[in-house]
Amino acid sequence: IGLIKAYHMPLTVSGLDADSIYEEMFHDKKTTGKRLVFALLDGIGNSHLSKDHIDEAIIKDCIKEILVD
């Protein structure tokens, strides 16, 4: 977060809703069927794909954290 703030990048988004964003996530190339896949960073230059099930409500709650009315 500090780096994002240092470069004056936005931390929030307006004009969108969590349900729409969630539905659009299924169009990502990593998504397989009805399962979202997340690219997670392990460190500089290291990442892995997480195929663990994450409850829809948790994902939407995370999305809502960056949304403003």
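Beyond residues up to four places away in sequence, Ser 50 touches Leu 36, Val 37, Phe 38 and Leu 40. The structure described here is a predicted model. Ser 50 belongs to strand 3, which spans residues 46-50. With a relative accessible area of 9%, Ser 50 is classed as buried, because the class takes in residues under 20%.

Leu 36, one of the residues touched by Ser 50, is also part of the largest nonpolar core. This core has seven residues in all: Ala 18, Tyr 22, Phe 26, Leu 36, Ile 59, Ile 63 and Leu 67. At least two of the core residues are supplied by helix 2 (18-24), and at least two by helix 3. In soluble globular proteins, nonpolar side chains tend to be buried together.

Two members of the core, Tyr 22 and Phe 26, are both buried. A pair of aromatic rings is described by the distance of the centres and the angle of the planes. The structure holds one aromatic pair. In this pair, the ring centres of Tyr 22 and Phe 26 are 5.2 Å apart and the planes are at 80° to each other. The arrangement of Tyr 22 and Phe 26 is therefore edge-to-face, since this term applies to planes over 60 degrees apart. Phe 26 is also in contact with Thr 31, Gly 33, Lys 34, Arg 35 and Leu 36, when neighbours within four places in sequence are set aside.

Helix 3 covers residues 56-66 and includes Ala 57. Ala 57 has a relative accessible area of 41% and is partly exposed, because this class lies between the limits of 20% and 50%. The C-alpha atoms of Ala 57 and Ser 20 are 14 Å apart in space, while the two residues are 37 apart in sequence.

Most residues other than glycine have a negative phi. His 8 is not a glycine, yet its phi is positive, at about 55°.

Key. Residues numbered from 1 in each chain as written. Predicted model: local features only at pLDDT ≥ 70, side-chain atom pairs only at ≥ 80, totals over all residues. Heavy atoms only, no water. Helix = DSSP H or I, 4+ residues; strand = E, 2+ residues; numbered from the N terminus. Buried < 20%, exposed > 50% of the residue type's maximum accessible area, 1.4 Å probe, protein only. Contact = heavy atoms within 4.5 Å. Core = buried A, V, L, I, M, F, W, Y, C linked by side-chain atoms within 4.5 Å. Phe/Tyr/Trp six-rings, centres within 6.5 Å; stacked < 30°, edge-to-face > 60°.
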